[in-house]
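Me: Please show me the structure, and then I will ask about it.

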Amino acid sequence: MKKLVRTQYDRKLAGVCGGLAKYLGIDSTIVRIIFIVLFFLSVGFPLLLAYFIAIFLIPNEEDVR
């Protein structure tokens, strides 16, 4: 069973985009580009708030093992 975790080695800030990409089985660059595009389309705050909530809700990869 796949689990959504924040990656330890594919991270730029907190590993949320890297973990989401690993969970979905796609390249993390694509997830980051989608995040940036949605950030500018949503005027930033809602998506930024969701990112910070994800930092606290999604466990680190090392904590799950």
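Reply: The second largest pocket has a volume of about 180 Å³. A pocket is an open set of points on a 1 Å grid over the protein atoms alone, where a 1.4 Å probe fits, with protein on both sides within 12 Å along at least five of seven lines; lining residues have an atom within 4 Å of a point. Volume is the space filled by probe spheres set on the points, which are joined across faces, edges and corners. This is a predicted model, where local features need pLDDT of at least 70, side-chain atom pairs need 80 or more, and totals for linings use all residues. Residues are numbered from 1 along each chain, and side-chain values use heavy atoms, without hydrogens and water.

Me: Which residue forms a salt bridge with R32?

Reply: R32 is among the residues lining the second largest pocket. A salt bridge is a side-chain nitrogen of Lys or Arg within 4 Å of a carboxyl oxygen of Asp or Glu. At 3.4 Å, N to O, the partner of R32 is D10.

Me: Is R32 buried or exposed?

Reply: Buried means under 20% relative accessible area, exposed over 50%, and partly exposed in between (1.4 Å probe, protein chains only). The relative accessible area of R32 is 17%, so R32 is buried.

Me: Which residue forms a salt bridge with K22?

Reply: A search of the whole structure finds two salt bridges. In the one with K22, the closest N and O atoms are 2.6 Å apart, and the partner is E61.
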